[in-house]
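Please look over the predicted model shown here before reading the notes that follow.

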Amino acid sequence: MMATSATGVLHPYWPRNLSIPSYVANDRSMSEILVFLFSVSGVFLLVTWLVTGLKGATGRMTTWRRLAVCWLAVCGFIHGVIEGWFSLYYHIIPADQKKQFKKADNFTVCMETVTAWIWGPFSFWAVFAFLTNKPYRFVLQLIISLGQLYGAVLYFYTEHRDGYAHSELGHPIYFWFYFVFLNMLWIVIPLLLIVDAWRQLSAAQTHSDASKAHKSKRN
């Protein structure tokens with residue numbers, strides 16, 4: 001469905017009275033864009049799954065740990081490449097034939113920039129840390145997951161305060177799948193990883209405290 005903005009330019013975006021003077025119709029359908037996104041994400045997931053299954057310096061990872069590392073690899077791609085592109089070229093998106101985001105407000109630009117240039121590299125760093133069994137791997141997992149959770153909650157909350165003006169409320173694809181489901185992944189999964197990192201770090205601290213207590217008794 002196309003709408004006419006205040007400048008008389010036809011576009012399919014919300015809010016309907018949004019002014020996009022330089023708008024050029026996308027030559028790729030939403031299905032093509034999603035196929036590309038899921039295909040590349042699937043490649044990252046598959047390669048990481050295979051690598052984490054190899055025996056070596058990493059030892060044998062559990063299925064849960066392998067899935068967690070796969071998630072971090074996919075996050076590195078999405079944050080670093082897709083959102084990184086957005087943070088650099090958001091100002092030309094209305095006239096770009098490969099656009100994937102709505103016309104950005106200041107909050108979205110800032111949030112996506114932080115996500116791209118901090119959580120993107122950190123995600124790849126965390127994958128490396130798990131593959132090489134670095135002692136700080138769960139610290140990275142905790143930091144990344146907290147940042148993702150914070151950003152996703154703010155994204156949902158600001159959109160709620162705006163009255164869901166940037167989407168057709170209740171639409172099965174654009175609202176429930178694209179907006180709610182896909183973004184909810186960055187709430188549910190980071191929450192699980194935060195709990196996981198909490199337990200791992202608490203166990204390590206408990207072991208450290210017990211070792212110190214044992215050494216003090218021997219002395």
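With which residue does Asp-196 form a salt bridge, and how far apart are the closest N and O atoms? The partner of Asp-196 is Arg-65, and the closest N and O atoms of the pair are 2.7 Å apart, where a salt bridge is a side-chain nitrogen of Lys or Arg within 4 Å of a carboxyl oxygen of Asp or Glu. Asp-196 lies in helix α5 and Arg-65 in helix α2 (residues 63-89), so this pair ties together parts that are 131 residues apart in sequence.

The model is predicted, so local features need pLDDT of at least 70 and side-chain atom pairs count only at pLDDT 80 or more, whereas totals for chains, interfaces and linings use all residues. Residues are numbered from 1 along each chain as its sequence is written, and side-chain values use heavy atoms, with hydrogens and water left out.

**Overall architecture**

- The protein chain has five helices and two strands, which follow one another from the N terminus as β-β-α-α-α-α-α; helices (H or I, at least four residues) and strands (E, at least two) are DSSP runs, numbered from the N terminus.
- Of the 219 residues of the chain, 36% count as buried, a class that means under 20% relative accessible area, with exposed meaning over 50% and partly exposed lying in between (1.4 Å probe, protein chains only).
- Among contacts in the chain with a separation of 6 or more, 63% come from residues 24 or more positions apart, contact meaning heavy atoms within 4.5 Å.

- Helix α5 (residues 172-218) has 47 residues and reaches 66 Å from its first C-alpha to its last, close to the 69 Å expected at 1.5 Å a residue, the expected span being 1.5 Å times one less than the number of residues.
- At Leu-185, α5 bends by about 25°, the bend being the angle between axes fitted to the seven residues ending there and the seven starting there.
- The buried residues of α5 include Phe-175, Phe-179, Trp-186, Pro-190 and Asp-196.

- Thr-115 is found in helix α3 and is buried, with a relative accessible area of 11%; apart from neighbours within four places in sequence, Thr-115 is in contact with His-79, Glu-83 and Gly-120.
- Phe-122 also has its place in helix α3 (residues 106-131), and at 25% relative accessibility Phe-122 counts as partly exposed.
- Leaving aside neighbours within four places in sequence, Phe-122 is in contact with Leu-140, Ile-143 and Ile-144, while Phe-122 and Gly-76, 46 residues apart in sequence, are 7.6 Å apart in space, C-alpha to C-alpha.
- The 25 residues of helix α4 (residues 137-161) should span 36 Å at 1.5 Å a residue, which agrees with the 36 Å between its end C-alpha atoms; Gly-163, whose phi is positive, near 75°, follows α4.

**Surface**

- The protein chain exposes about 13000 Å², of which carbon and sulfur atoms supply 68%; accessible areas come from the Shrake-Rupley method with a 1.4 Å probe, and for residues only the protein chains shown count as cover.
- Val-43, Val-47, Val-51 and Leu-54 form a nonpolar patch on the surface, with about 330 Å² of accessible area together; patches are made of residues with over 30% relative accessible area and no salt bridge, like charges being joined within 9 Å and nonpolar side chains (Val, Leu, Ile, Met, Phe, Trp, Tyr) within 5 Å.
- Leu-54 sits in the loop between α1 (30-52) and α2, and Leu-54 is exposed, with a relative accessible area of 54%.
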